[in-house]
Amino acid sequence: MSKKRMSLKPAKSLRDAEEVQTSDYIAGDVLDDLLSKLVRSVEVAKASRGGLPEKIWMKKQFAIGVNDVTRVLERMPPAAATNSTHSSTEAQTVSGRRRAPLVPLQAVLIAADCNPKSLTKHIPTLASTRQVPVLCIKDNKGGSVRLGHVVNIRTALAIGVKAGDSVVNKTIDEVLECSKQ
């Protein structure tokens, strides 16, 4: 009685989608420009946060860290199943508990200097199934340090920008438009 081993390789369509959605590494002057725009837009948005404490405001604007980004991506419906027949109240209740309302991600920023790479390896594939663009940050000074500077923490391997109408979202839209060209 021999058991067949299941292949752990992702489907070919997922691999193709990952290559389409994941951009090349952002480095050099383009990276400096991107991060300075993000820092400026975060500072402007903080000034108009309406009396919310900084920590709560940051949680509403960003998913910070690999675990938080993964959690938000997993709660988003896959791109093919956006027209499901389930009602929104069924999706919010699981075994009698209410979940926080779903806020989709506009984009995901990943630091390329992660060691081991397996910590962030799953995020581009997961993001591609949810139609979320991924920007990989590569820097000799430490991409995770510079990414953390955007959200006022020491280091950040992954940051997800939550969709909304703030200055930060407009800046991300501009960056995504520039990276497509």
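Predicted model: local features only at pLDDT ≥ 70, side-chain atom pairs only at ≥ 80, totals over all residues.
**View 1. Helix H2 crossing helix H8.** Two packed helices are described by the angle between their axes and the distance between the axes. Here helix H2, which covers residues 28-47, and helix H8, which covers residues 167-180, have axes that come within 8 Å and cross at roughly 160°. Because angles over 145 degrees count as roughly antiparallel, H2 is roughly antiparallel to H8. The crossing in which H2 passes H8 is right-handed.

**View 2. The residues where H2 and H8 meet.** From H2, the residues in this contact are Leu34, Lys37, Leu38, Ser41, Val42, Val44 and Ala45, and they meet Val167, Val168, Thr171, Ile172, Glu174 and Val175 in H8. Sorted by kind, the residues of the contact of H2 with H8 comprise 9 nonpolar, 2 polar and 2 charged.

**View 3. Helix H4 packed with helix H6.** Helix H4 spans residues 66-75 and helix H6 spans residues 122-129, and the two pack at an angle of about 25° with their axes 10 Å apart. Since angles under 35 degrees count as roughly parallel, H4 and H6 are roughly parallel to each other. Their crossing is left-handed.

**View 4. The residues where H4 and H6 make contact.** On the H4 side the contact is made by Val66, Val69, Thr70, Leu73 and Glu74, while on the H6 side it is made by His122, Ile123, Leu126 and Ala127. Of the residues in the contact of H4 with H6, 6 are nonpolar, 2 are polar and 1 is charged.

Conventions: Residues numbered from 1 in each chain as written. Heavy atoms only, no water. Axes fitted to C-alpha atoms, helices over the stretch in contact; angles between N-to-C directions. Helix = DSSP H or I, 4+ residues; strand = E, 2+ residues; numbered from the N terminus. Parallel < 35°, antiparallel > 145°, perpendicular 65-115°, else oblique. Left-handed = near helix turned anticlockwise from the far one by under 90°. Contact = heavy atoms within 4.5 Å. Nonpolar A, V, L, I, M, F, W, Y, C, P; charged D, E, K, R; others polar.
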